[in-house]
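Notebook open, viewer open. I'm jotting things down in the order I looked them up, confidence before geometry.

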Amino acid sequence: MPADPKLLLAVRHGLAAGALALLLAAPLQAAGPASVPDGLPAATDAGVAPALAADPKLEADMMELSHKLRCLVCQNQSIAESNAPLAVDLRNQVREQLAAGKDKDDVIDYLVERYGDFVLYEPPFKAATLLLWLGPLALLLGGAGWLGWRLRRRSVEVATEQALSATDRERARTLLAGGGDAAPDTASPEFRK
Amino acid sequence: MKAKFLVPLLLFFGLAGFLAFGLTLNPREVPSPLIDKPAPNFRLARLDQPDKTFALEEMRGQVWLLNVWASWCVACRQEHPLLVRMAEQKLVPVVGLNYKEVRGDGAISVRGMALEAETAMAVERGQRWLKDHGDPYLLSVMDIDGRIGIDFGVYGVPETFLIDREGRIRYKHIGPITPESLQTQILPKVEELRRAG
Amino acid sequence: MIPELGHFALILALVLSLVQAVVPLVGAQRNSAALMAVGRPAAQGQFFFILFSYVCLTWAFIQSDFSVQLAASNSHSETPLMYKITGVWGNHEGSLLLWAMSLSLWTVAVTVFSRHLPDAFLARVLGVLGLVSAGFISFTLVTSNPFERLLPGVAEGRDLNPLLQDPGMIIHPPLLYMGYVGFSVAFAFAIAALLSGRLDAAWARWSRPWTTVAWVFLTAGIAVGSGWAYYELGWGGWWFWDPVENASFMPWLLGTALMHSLAVTEKRGAFRSWTVLLAIGAFSLSLLGTFLVRSGVITSVHAFATDPKRGLYILALLVIVIGASLLLYAARANKLMGGGSFSLVSRETSLLANNVLLTVASASVLLGTLYPLFLDALNLGKISVGPPYFEAVFVPLMTPVVVLMMFGPFLRWKDDDLLAEVRRVAPIFVASVAIGVGSAWAVDHLTWRTALGLSLAAWVVLASLRLLARRLGERAGASAGSRLRSITASWWGMWLAHLGIGIFIIGVTMVGSLDRHLDVKMKEGQHAELAGYTFVFRGVVDADGPNYDAARGNIELVRDGRVLGMLDPEKRLYRAQGMPMTEAALDIGVFRDVYVSLGEQLEDGSWIVSLYYKPFISWIWVGCVLMGLGGIFAAADRRYRRLAARDAAAAVDGRVGAAA
């Protein structure tokens with residue numbers, strides 16, 4: 001039966017898509033809810049180990065925020081990564097304040113009031129950081145503009161060059177044929193004005 | 001030579017200029033955002049008389065220094081003789097903030113230690129250290145857990161804050177005070193604040 | 001005595017590097033074959049003396065000769081032999097010597113593998129490399145003498161930083177330096193070409209394999225470094241956007257642009273001015289990286305102990321090397337216009353567009369890295385620029401790169417029909433987005449970032465398959481075997497490296513979105529659950545090493561009632577420095593790593609244990625391996641050898657450079 005090649009292609013892509021999605025998801029689906037460790041000999045099982053954090057949700061929030069805060073005494077680490085005493089103190093502060101119901105911005109404000117913008121790994125958007133935050137965009141626009149301009153200019157240049165090159169090549173040939181004294185450098189068509 | 005081909009060179013020279021200037025800066029020194037702001041108030045137990053407390057507002061009307069120190073802090077030992085000399089000459093009153101005296105010491109584990117025990121230990125260690133090295137302070141207060149340190153944005157000991165008559169922080173010195181920084185920075189500022197008030 | 005010999009050998013190497021710098025350059029200018037011929041033996045002699053000097057320094061470490069300052073500060077009599085040897089480069093002075101040795105090794109490689117180059121050209125290349133080498137050896141001798149004596153010597157050394165006592169650190173620095181420094185060859189070729197005024201297809205062809213090999217080293221070096229951070233720092237982070245990491249990443253980005261730009265210059269004679277600028281830029285960023293690590297202008301976890309005098313010296317070196325190159329560029333660049341024509345829709349354009357994007361990305365990383373310094377210098381306050389900034393900036397910049405990267409290879413050189421090509425790849429594109437969003441939904445993490453990452457990865461993988469199918473379909477009549485054979489090594493290289501990026505993106509996205517973490521207090525016999533795995537704590541034993549004391553945890557990894565294996569994370573205390581270290585234990589798998597690190601012991605006798613589940617993390621490094629393999633394939637293409645032979649024959653005719 002003759003099939004529409006376009007349809008075939010669509011089906012093929014569909015299948016490939018499904019397969020890849022399954023490939024990605026399968027190992028994770030299996031990592032779903034924890035199973036009871038029924039394979040353990042009961043005699044040696046001393047029960048479930050308690051979590052270090054009393055409140056895992058709070059701990060996760062604290063760590064997430066801590067990753068964005070710079071440890072002041074360390075070389076260049078967030079307070080989440082460092083075990084310097086000050087980093088531990090600051091983590092405790094963050095945890096305490098989050099537990100007291102403050103939201104993340106309040107905690108950030110609290111630390112910035114005391115340690116300045118230096119403590120933030122994500123610098124605030126303000127006059128002094130304008131260039132930092134808009135610089136990449138400006139570079140991108142500049143790059144794109146340059147590219148467009150260059151490509152347009154180029155098509156003009158190449159057209160003129162092609163017109164010239166016929167005579168040039170002829171001249172180069174005569175030069176080379178006649179004694180070959182001309183330095184190869186200047187005879188190279190790549191190196192003419 | 002067309003001008004546009006010089007652009008990379010000029011950009012590079014600009015960058016090199018900044019890098020050269022960068023060599024003169026200290027990337028580890030963080031200026032305090034608390035300058036010209038009211039110093040965070042505190043009421044803490046005194047090191048000399050632990051049953052009494054001292055509050056920052058008791059210094060109102062004076063130009064004074066708050067010096068953050070601890071007996072385990074090696075750099076504090078370096079600046080201490082200078083503080084003692086300053087006290088002898090009665091240049092400016094200095095209040096000590098004894099910072100995490102026990103738990104700040106890497107050699108001691110406070111895990112499982114009650115706060116009372118820690119405080120007692122801090123008093124004992126702090127007083128002995130002042131006896132051994134001289135006590136230049138009007139008095140010292142104890143910041144056992146470092147909370148007040150965080151309020152002041154302390155990140156390394158020693159640090160010294162200059163506080164004016166209204167209780168505003170006017171200057172922060174990070175690291176040990178040297179005779180030079182005392183003469184060129186701290187004392188002129190003290191004079192200026194005294195005249196102004 | 002031996003350290004003094006090493007010191008003396010280094011001085012001789014400096015003298016030879018000066019000879020190598022000056023004589024061939026003068027010879028090339030005067031067209032004197034005798035003078036030009038000095039370059040090769042001078043370069044090889046220089047390498048011999050640097051190697052000798054390096055071996056002397058290593059000897060001092062192996063013998064625990066603590067009358068040598070450097071050994072006293074970075075070694076210890078109990079340090080395992082391997083780490084005594086690698087300890088040589090675990091510090092500023094020794095690593096600088098390694099830097100100089102890599103440069104010298106590359107130079108020798110040029111003298112060996114570039115016999116076919118015209119004499120004048122080779123002389124200029126060696127001269128430029130000699131100048132750079134002289135700069136670095138003199139820097140070593142003047143400000144950072146590794147053979148400095150400590151008299152009287154001390155009885156015991158302070159040991160190598162325990163973080164560096166790790167197998168990853170055995171290969172990371174040499175690979176990284178070979179990569180960093182390798183761009184010096186592309187740089188020297190570009191400068192030699194500017195000096196001689198011949199920047200043509202042949203020049204690009206000569207530079208290409210060198211650039212690619214350096215890029216492979218740099219890729220491998222960065223990948224090993226990030227792998228080291230992953231298992232050595234104890235919490236599974238693999239990239240931190242630290243200034244020093246950025247310092248190696250910026251040349252990587254620009255080097256990537258350079259490789260592609262060289263391809264266009266070789267094939268089509270176009271972009272020459274741009275290619276030269278990239279060659280200068282990539283090496284300049286390598287030098288800048290060296291400055292950042294060693295000058296102390298920026299705080300970084302990786303920075304060496306610093307000294308402003310050293311900073312000033314490297315800065316002066318930077319200004320001379322980069323300033324002179326850019327000046328030369330400015331003087332000669334207007335002669336570099338022209339080249340083969342191409343239309344707006346062509347592979348050239350797509351490559352140029354990606355070049356611009358990679359350059360913008362590199363410049364943005366530079367901006368973020370140096371911005372705190374700019375503000376501080378202008379007295380506008382101190383700020384920090386860290387991972388949140390770089391991620392916010394980098395992802396939007398790289399997204400079009402990845403899209404274009406897989407679209408470009410479908411386009412023909414010179415001219416193509418945009419509409420027809422778009423129509424051809426559009427179904428793949430739509431399918432990729434569907435897969436991306438679908439997979440994000442399937443793994444129950446439908447955020448825009450996960451969906452974007454997975455879509456891009458699907459796009460890379462599907463487009464790669466399509467590209468291969470199309471390439472195989474080109475010779476419809478031939479047998480499958482001959483079709484496969486007809487594909488060049490450099491095409492496979494491109495294909496593999498691009499596919500590697502897709503694999504890399506899958507790893508980054510999945511682990512960024514779906515990793516799990518739990519800290520528990522464990523006593524013997526207790527268990528904990530994370531992501532379907534059960535961790536049973538079987539206690540802690542002493543496991544002291546040669547220069548450290550350690551507690552080793554025994555943790556059984558169980559899944560569905562089946563024991564998968566034992567994990568034995570360690571908590572070490574290195575005796576000489578009293579520095580605690582965590583050695584994580586990993587169960588590495590194709591689809592996930594299980595990662596365990598041992599924390600402190602609590603008063604009640606239980607241990608803090610950190611459990612991590614890291615899905616697809618190894619794909620990050622598999623992706624890097626594919627990229628590196630791609631580079632090796634590309635550099636090994638027979639074309640270079642064949643054309644090298646042709647160039648050599650042409651050189652005999654005295655007509656080199658008259659490229660078609």
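**Confidence, chain A.** I started with chain A, where the mean pLDDT is 72 and 56% of the residues reach 70 or more. This is a predicted model, and I wanted to know which parts of the chain to read with care. Among the elements of chain A, helix H4 (residues 104-115) has the highest mean pLDDT, 92. Helix H6 (residues 184-187) of chain A has the lowest, 36.

**Sheet in chain B.** Next up was an open sheet of five strands in chain B, with the order E5-E4-E3-E6-E7 and mixed pairing. Which strands stand at the edges? They are E5 (139-143) and E7 of chain B; each has a single partner strand, so one side of each lacks a neighbour in the sheet. Ignoring direction, neighbouring strands here are turned by 20° against each other on average. I zoomed in on one pair: strand E3 (residues 64-69) of chain B runs antiparallel to E6(B), and five bridges join them. In that region I found Leu65(B) opposite Leu162(B) of E6(B).

**Helix H5 of chain B.** I checked the length of H5(B), residues 179-196. Its 18 residues span 24 Å from first C-alpha to last, close to the 26 Å expected at 1.5 Å a residue. Where is the kink in H5(B)? I put it at Ile186(B), at about 35° and shortly before the proline Pro188(B). The buried residues of H5(B) are Leu182(B), Val190(B) and Leu193(B).

**Chain C against chain B.** I looked at the contacts between these two chains: 27 residues of chain C touch 22 residues of chain B. On the chain C side, helices H11 (272-295), H12 (308-332) and H13 (347-377) each supply at least two residues. H12(C) gives the most, with 13 residues.

**Sheet in chain C.** There is an open sheet of four strands here, in the order E1-E10-E9-E8 (chain C), paired antiparallel. I noted E1 (516-522) and E8 (585-588) of chain C at the edges; each has a single partner strand, so one side of each is left without a neighbour in the sheet. The twist averages 15° from one strand to the next. E8(C) and E9 (residues 592-601) of chain C pair in the antiparallel sense over four bridges. One detail for the log: Ile588(C) has Asp593(C), in E9(C), as its bridge partner.

**Val68 of chain C.** My last stop was a loop residue: Val68(C) is placed between helix H3 (39-62) and helix H4 (69-74) of chain C. Leaving out neighbours within four places in sequence, Val68(C) is in contact with Pro3(C), Ala60(C), Phe147(C), Arg149(C) and Leu150(C). I also took one distance: the C-alpha atoms of Val68(C) and Leu151(C) are separated by 8.3 Å, with the two residues 83 apart along the chain.

How values were computed. Residues are numbered from 1 along each chain as its sequence is written. Chains are lettered from A and ligands numbered from 1 in the order in which they are written. This is a predicted model: local features need pLDDT of at least 70, side-chain atom pairs count only at pLDDT 80 or more; totals for chains, interfaces and linings use all residues. The expected span of a helix is 1.5 Å times one less than its number of residues. The bend at a residue is the angle between axes fitted to the seven residues ending there and the seven starting there. A residue is buried if 20 or more other C-beta atoms lie within 10 Å of its own, exposed if 12 or fewer, and partly exposed in between; C-beta atoms are placed from the backbone. Two strands pair if DSSP finds at least two bridges between them. Axes are lines fitted to C-alpha atoms, for helices over the stretch in contact, and angles run from 0 to 180 degrees between N-to-C directions. pLDDT is the predictor's confidence in each residue, from 0 to 100. Two residues are in contact if their C-beta atoms, placed from the backbone, lie within 7 Å.
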